[in-house]
Amino acid sequence: MTAVVYPFPIARRLAFITKQVAHASLMNADAGVRYVQHQLDIQAEAMRRRGIDEDLVQRELRCMASAIRAAFAQRTARPGGKP
């Protein structure tokens, strides 16, 4: 029997995404991009230290980056969202 281990559980991902969007939205655009990239780099290194295959690390990073972009777009599109 084989099992698939997901390195970044969805419940933790939602909290991570929400936190990063909240912080990045308080910064100017360039600083926000750098901040998010730094956070993604930290997550990648943590996954690599745990021995997660590089292909899976890259897939997770793409998914996280996409989720952050979507959450940020949603946040800025609604009334009261900070551009």
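Trainee: How do the residues of the lining of the largest pocket divide into nonpolar, polar and charged?

Mentor: Before the answer, please note that this is a predicted model, in which local features need pLDDT of at least 70 and side-chain atom pairs count only at pLDDT 80 or more, while totals for chains, interfaces and linings use all residues. Residues are numbered from 1 along each chain as its sequence is written, and side-chain values use heavy atoms, with hydrogens and water left out. The lining divides into 11 nonpolar, 4 polar and 1 charged, where Ala, Val, Leu, Ile, Met, Phe, Trp, Tyr, Cys and Pro count as nonpolar, Asp, Glu, Lys and Arg as charged, and the others, Gly among them, as polar.

Trainee: What volume does the largest pocket hold, and which residues are closest to its centre?

Mentor: Rolling a probe the size of a water molecule over the atoms shows where empty space is left. Here the largest pocket holds about 280 Å³ of space, and of its 16 lining residues the closest to the centre are Ala 24, Gly 32, Val 33, Val 36 and Phe 72. On a 1 Å grid over the protein atoms alone, a pocket is an open set of points where a 1.4 Å probe fits, with protein on both sides within 12 Å along at least five of seven lines, and lining residues have an atom within 4 Å of a point; the volume is the space filled by probe spheres set on the points, which are joined across faces, edges and corners.

Trainee: Which element gives the most to this lining?

Mentor: That is α2, with 6 residues; helices are DSSP runs (H or I, at least four residues) numbered from the N terminus.

Trainee: Which residues touch the most other members of the largest nonpolar core?

Mentor: In soluble globular proteins, nonpolar side chains tend to be buried together. In this core of 15 residues they are Leu 40, Leu 61, Met 64 and Ile 68, a core being a set of buried Ala, Val, Leu, Ile, Met, Phe, Trp, Tyr and Cys residues joined through side-chain atoms within 4.5 Å.

Trainee: Is Gln 20 buried or exposed?

Mentor: Gln 20, in helix α1, is buried, with a relative accessible area of 2% (buried means under 20%, exposed over 50%, partly exposed in between, with a 1.4 Å probe and protein chains only). Its side chain makes a polar contact of 2.8 Å with that of Tyr 35, meaning a pair of N or O atoms within 3.5 Å, of which one must be able to donate a hydrogen and the other to accept it, and residues adjacent in sequence count only if both atoms are side-chain atoms.

Conventions. Helix = DSSP H or I, 4+ residues; strand = E, 2+ residues; numbered from the N terminus.
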